[in-house]
Amino acid sequence: MSGLIAHLDLLMFPVAIVLLLRGFPVAFTLAGVGLLFSVLGAVFQVGFFAGGDLSFLRALFGRIFGLMDETNEVLVAVPLFVFMGVTLERSGVAADLLSSMAKIFGRLPGGLGISVAIVGMLLAASTGIVGATVVTMGLISLPTMLKANYDKRLSTGIIAASGTLGQIIPPSLVLIILGDVLSNAYITARRNAGDWAPDPVSVGDIFAGALLPGLILVGAYVLYILCVALFAPHRAPSVVAEGEKVSLGPVLLLLAPPLLLIVAVLGSILFGVATPTEAASIGSIGAILLAGQRLSDRSSLPQLVAVIGAIIVVYFVLNFDLRLAKSTITSGDKINIAIVSLGLIAFTWGSAVSLWRIWLSKTADEPSVLTSILRASLHMSVMVFAIYIGAQVFNLVFRGLGGEETVNEFFTGLPGGPWIALGSMLLIMFLLGFFLDFLEIVFVVTPIMAPVLFSFSGADGSVLFHPVWIAVVMGLNLQTSFLTPPFGFALFYLRAVAPKEVTTGDIYRGIIPFVVIQIIILAVVLWWSDLATWLPALLTS
């Protein structure tokens, strides 16, 4: 009994996992386990709770408000990116992307499979929620692929793999949250090591670091699909018959706006033009305009006017001084201000018309598509922040029970040094990915383990493991975990929406080649860290 009491900190994890597997809500489970063990710590005189004192929990309010107040602009991007992804999905823009891609790649061997992989990548990066993306792709793509006589195993493998790409492809909700958590862990660890001015780690750096490995991973998926189609054409037949003409003009016209939106959002972050929150705002407005055009058969003039108005406003704001409080306002300034005002009016009018059209559109379950979008966005955003608060309770109590010292002693004492510690952490996160969603792992496990990684120093005294590289490796590792049978989350989500003729065995066997690809790419990034650090260094130089 005394041994269990001495390791109350380590008992928190199995208790939390058992309760989660029993179906209890994640946020309440994490907070409830934390509060329960704080009482146990006070009763058994453990750590900071010795003497029956629970005053250590007072730090909880400072931790929550210190990370979620208006000064933390990174987390503000979360609901905006969620809104952007849900809008693209609920309005049918994602389905249009798939049909357009299928027409473009239709004549290629495995063209439909390639289209699903690319659209899955774009949708996964927009929503960042594995379950939502896999379910959406399963509902949109799987019936189409089966109707085109695609092999069931190949179809399910492509959908499950592409649906988890949101773990590594920017702009991604996962990378935003991971960037915020790792940045705090990195600064804390370096200050504890005596470095009081560590180089900051931004979400933009992590986006840049994840871009190249993510594109390589997508390229590997596409290469595998091509190989299957070439050597076993009956598994991935062409969806465009010989001699059938496809007019690319209308297809490209349909495809260009959503692609330009995603490129604009990502590019503005990578090149430092906008913060993640500002870019997410751009993405949300762009998604509204696209949805307003998609859900109505009326003229696209309001959307065009809004885009032109936005371009005018951005151009004049960047190139002219438009302050009304200046000591001297010339006639030229008045003209510029008038033009910008007209641009704002045009932008507001186009956006309002788009919202009105979304509101008038109906769904089978909701009186309005806008209602469906807002309900889903609110649900996902509240889920993220509720888990965040619950994780703060869990982590604080874990530290109060001496867990931080226990973890640090365990990993620093492993034979083999820092690399064995890194491998052990990745293995633990991989196994936890069978039972926990990425939010629980990022919010609970990462703040505990990451400081240990950042405490290791190289021969010159610099940090041994680059935080951007660690973020990319963690993202790839979690993605692989969500795909690996028999417990991969993505497989369960796909099973829930797959038709009866697709068995669980088909899903498990279909994903195996993609898991092998994941492991190979993960090994390459582990071996060659420049894949993750080269682009951020180039953009900041």
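Reply: A residue counts as buried when its relative accessible area is under 20%, and as exposed when that area is over 50%. The model discussed here is predicted.

How many of the residues of α10 are buried? The count is 15 of the 20, so α10 is largely enclosed by the rest of the structure. Just after α10 comes Gly194, with a positive phi of about 95°.

A positive phi also turns up elsewhere, at Asn149, where phi is near 65° in a residue other than glycine. Most residues other than glycine have a negative phi. Asn149 is found in the loop between α8 (130-147) and α9 (152-163). With a relative accessibility of 58%, Asn149 counts as exposed.

Next, the packing of α10. Two packed helices are described by the angle between their axes and the distance between the axes. For α10 the partner is helix α20, residues 467-483. The angle between α10 and α20 is about 135°, and their axes are 10 Å apart. The two helices α10 and α20 are therefore oblique to each other, since angles over 145 degrees are needed to count as roughly antiparallel. The crossing of α10 past α20 is right-handed.

Which residues of α10 meet α20? They are Leu178, Leu182 and Tyr186. Residues three or four places apart in an α-helix point the same way, because there are 3.6 residues a turn. On the α20 side the residues are Pro467, Ile470, Ala471, Met474 and Gly475. By class, the contact of α10 with α20 has 7 nonpolar residues, 1 polar residue and no charged ones.

Helix α20 also packs with helix α11, which covers residues 203-231. The axes of α11 and α20 come within 8 Å and cross at roughly 40°. That makes α11 and α20 oblique to each other. Their crossing is right-handed. From α11, the residues in this contact are Asp205, Ile206, Gly209, Ala210, Pro213, Leu217 and Tyr221. From α20, they are Val468, Ala471, Val472, Leu476, Gln479 and Leu483. This contact of α11 with α20 divides into 10 nonpolar, 2 polar and 1 charged. Ala471 of α20 is named in the contact with α10 and again in the contact with α11.

Ala229 lies in α11 and is buried, with a relative accessible area of 5%. Leaving out residues up to four places away in sequence, Ala229 touches Pro109, Gly110 and Ala236. Ala229 and Gly110 are 119 residues apart along the chain, while their C-alpha atoms are separated by 5.1 Å.

Which helices do the buried residues of α23 pack against? They pack against α11, α20 and α22 (504-527). Helix α23 covers residues 530-540. The buried residues of α23 are Leu531, Ala532, Thr533, Leu535 and Pro536. Thr533 has 16% relative accessibility and so counts as buried. Setting aside residues up to four places away in sequence, Thr533 touches His466 and Trp469.

For another packed pair, take helix α17 (residues 403-412) and helix α19 (residues 438-454). The axes of α17 and α19 come within 10 Å and cross at roughly 45°. Helices α17 and α19 are therefore oblique to each other, and their crossing is right-handed. Val407, Asn408, Phe411 and Thr412 of α17 make this contact with Ile448, Met449 and Val452 of α19. The contact of α17 with α19 has 5 nonpolar, 2 polar and no charged residues.

To return to the part you asked about: α10 has 15 of its 20 residues buried, and α10 packs with α20 at an angle of about 135°.

Methods:
Residues numbered from 1 in each chain as written. Predicted model: local features only at pLDDT ≥ 70, side-chain atom pairs only at ≥ 80, totals over all residues. Heavy atoms only, no water. Buried < 20%, exposed > 50% of the residue type's maximum accessible area, 1.4 Å probe, protein only. Helix = DSSP H or I, 4+ residues; strand = E, 2+ residues; numbered from the N terminus. Axes fitted to C-alpha atoms, helices over the stretch in contact; angles between N-to-C directions. Parallel < 35°, antiparallel > 145°, perpendicular 65-115°, else oblique. Left-handed = near helix turned anticlockwise from the far one by under 90°. Contact = heavy atoms within 4.5 Å. Nonpolar A, V, L, I, M, F, W, Y, C, P; charged D, E, K, R; others polar.
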